[in-house]
Amino acid sequence: MDGENRIILNVGGIRYETYKATLKKIPATRLSRLTEALANYDPILNEYFFDRHPGVFAQILNYYRTGKLHYPTNVCGPLFEEELEFWGLDSNQVEPCCWSTYSIHRDTQATLAILDKLDIDNDKPTKEEIARLFGYEDDFLSGNLTWWQRMKPQIWAIFDEPRSSKVATAAGVMSIFFIVVSVISFALKTHPDLRVMSLVQNSSEINWITGYANSLDSIYYELSEPHPAFFYVEVACNSWFTFELAIRSVVSPNIVRFLKSPVNIIDFLATLSFYIDMIIQFSLVQSLNKSNILEFMSIVRVLRLFKLTRHSRGLKVLIHTFKASAKELMLLVFFLVLGIVVFASLVYYAERLQANPHNDFKSIPEGLWWAIVTMTTVGYGDMAPKTYVGMVIGALCALAGVLTIALPVPVIVSNFSMFYSHTQARSKLPKRRRRVLPVEQPRPKRGEIAGGVICHRRVNAIKYHHQNDQAGGITNISTPKMSG
């Protein structure tokens, strides 16, 4: 009979009926190995019960019927993967029409993994997690923490976790204040109105300055020095930076990781350049007239602005956006370099095809400057082709630059939008989630053998009564009453 070849599956309260031969189409899966000896088989209803997602199972059963696995858009990707793993199916068998939609969750999981490394969550770590971070887990569990072991994480949180407490917020605001003041002071002390004339030591120094400078402004700049007030501002700022750097290095959970951090390296070099500048200014080395070199080296102090990444989520997201878009950026640089070399060579020879007394392209290296300015749509106008062929090449160079730069930009913008949206979503999540207990397997009842062979008394009683009715010639079968 046809009914003997059919099987009923109850998945999440919804009954599905199909042929046994259909479930045999994909061997080595959970549905291909169904037998009545399984614990989830109900002999009364003649069905198998699975407490799984019924919506996903509809697509899984359709996969057995048609051989094509489609992704339901009303479920999350990880849930779909878990269901496929439970039924013993491979997630790589998803059809190409659904693959792009299905694989979005993998990109999302990769993004969330990166955000976990950013350490931008507002969740305050527990005391046990802090002890594990500082390597005090054994002492914490045994209750033998010393005074320094208790104070070290608190001091570290003040200087490295600006949102951990009000004191940490105040320390963060003060750090930002000194960074901004230091950068503004570094810029303003180069303004002519904020410089004062310095004492020239001898005539040889004057001759060196006048020979080096090529204008009155340059001579005035060389004969002047920043206003003394800037020195006291730098002393105040670098005193705070030195104090902050020393404290953070002492209370750091991992000194090796602390020293390898690019932001800490910049902070150390910027602070070191200030002290080197002070030593040279108050020593006889000043007579060597190398102040310009020292001022150029002190530009590393401007890089202190990267310390603001510890206080801004947006800057962290922006930096990791560039890291995630490294392939697109490398592709952009490659095509830019290729276009610059090609168009610089073309415009050099194009300008020589006709009589051109005002030729700006004396060599291909000079053409490289024109090509990069044109392709990046800056256009200073200091160099321009004069011949018709050169103008055509210049137009093609500008169009190629627009297309080359415009193509990777949407990918970078999309990555930033994805990172930032997930960051905002994570900040709005509840701090503590309700704990869900794991599902316990049903215990075997009386009359069941733990080895897997089931001796259900109700089933035996029904079969025994059915055999007696057949022996007595009774056709109207009634269900007997069962005793405990």
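## Helices α17 and α18

Helices α17 and α18 cross in the right-handed sense. The model that shows this crossing is predicted. Two packed helices are described by the angle between their axes and the distance between the axes. For helix α17 (residues 326–350) and helix α18 (residues 364–375), the angle is about 125° and the axes are 8 Å apart. At that angle, α17 is therefore oblique to α18.

Which residues of α17 and α18 meet? On the α17 side they are L336, G339, I340, V341, F343, A344, S345, V347, Y348 and Y349. On the α18 side they are I364, G367, L368, W370, A371, I372 and M375. By class, this contact of α17 with α18 holds 14 nonpolar residues, three polar ones and no charged ones.

## Helix α12 and its contact with α8

Helix α12 (residues 228–251) packs against helix α8 (residues 147–160), and the two axes come within 9 Å. They cross at roughly 135°, so α8 and α12 are oblique to each other. The crossing of α8 over α12 is left-handed.

From α8, the residues in this contact are W148, K152, I155, W156, F159 and D160. From α12, they are W240, F243, E244, I247, R248, V250 and V251. Sorted by class, the contact of α8 with α12 has nine nonpolar residues, four charged residues and no polar ones.

## Helix α12 and its contact with α9

Helix α9 (residues 166–188) also packs with α12, at an angle of about 145° and with the axes 10 Å apart. Is the crossing of α9 and α12 left-handed or right-handed? It is left-handed.

In α9 the contact takes in A171, M174, S175, F178, I179, V181, S182, S185, F186 and L188. Their counterparts in α12 are F230, V233, E234, A236, C237, W240, F241 and E244. The contact of α9 with α12 divides into 13 nonpolar, three polar and two charged residues. W240 and E244 of α12 take part in the contact with α8 and also in the contact with α9.

## The sheet

Strands of a sheet pair through backbone hydrogen bonds, either parallel or antiparallel. In this model, four strands make an open sheet with mixed pairing, in the order β2-β1-β4-β3. The edge strands, each of which pairs on one side only, are β2 (14–19) and β3 (41–42).

Strand β1 (residues 6–11) is antiparallel to β2, with six bridges between them. β1 and β4 pair in the parallel sense over three bridges. β3 and β4 are antiparallel and share two bridges. Helix α2 (residues 54–66) lies across β1 and β2 and runs at about 5° to β2.

## Bridge partners and turns

Individual residues show how the strands line up. V11 has I14 of β2 as its bridge partner, and V11 also stands opposite F50 in β4. N10 stands opposite R15 in β2. Y41 has Y48 of β4 as its bridge partner.

Two hairpins join neighbouring strands of the sheet. The hairpin of β1 and β2 has two residues between the strands, and G12 in the turn has a positive phi of about 65°. The hairpin of β3 and β4 has four residues between the strands, and there N46 takes a positive phi near 55°.

## Salt bridges

Side chains of opposite charge can pair when their charged atoms come close. How many salt bridges does the model have? The count comes to 10.

Note on methods:
Residues are numbered from 1 along each chain as its sequence is written. This is a predicted model: local features need pLDDT of at least 70, side-chain atom pairs count only at pLDDT 80 or more; totals for chains, interfaces and linings use all residues. Side-chain values use heavy atoms; hydrogens and water are left out. Two strands pair if DSSP finds at least two bridges between them. Contact means heavy atoms within 4.5 Å. Axes are lines fitted to C-alpha atoms, for helices over the stretch in contact, and angles run from 0 to 180 degrees between N-to-C directions. Angles under 35 degrees count as roughly parallel, over 145 as roughly antiparallel, 65 to 115 as roughly perpendicular and the rest as oblique. A crossing is left-handed if the near helix is turned anticlockwise from the far one by less than a right angle, and right-handed if clockwise. Ala, Val, Leu, Ile, Met, Phe, Trp, Tyr, Cys and Pro count as nonpolar, Asp, Glu, Lys and Arg as charged, and the others, Gly among them, as polar. A salt bridge is a side-chain nitrogen of Lys or Arg within 4 Å of a carboxyl oxygen of Asp or Glu.
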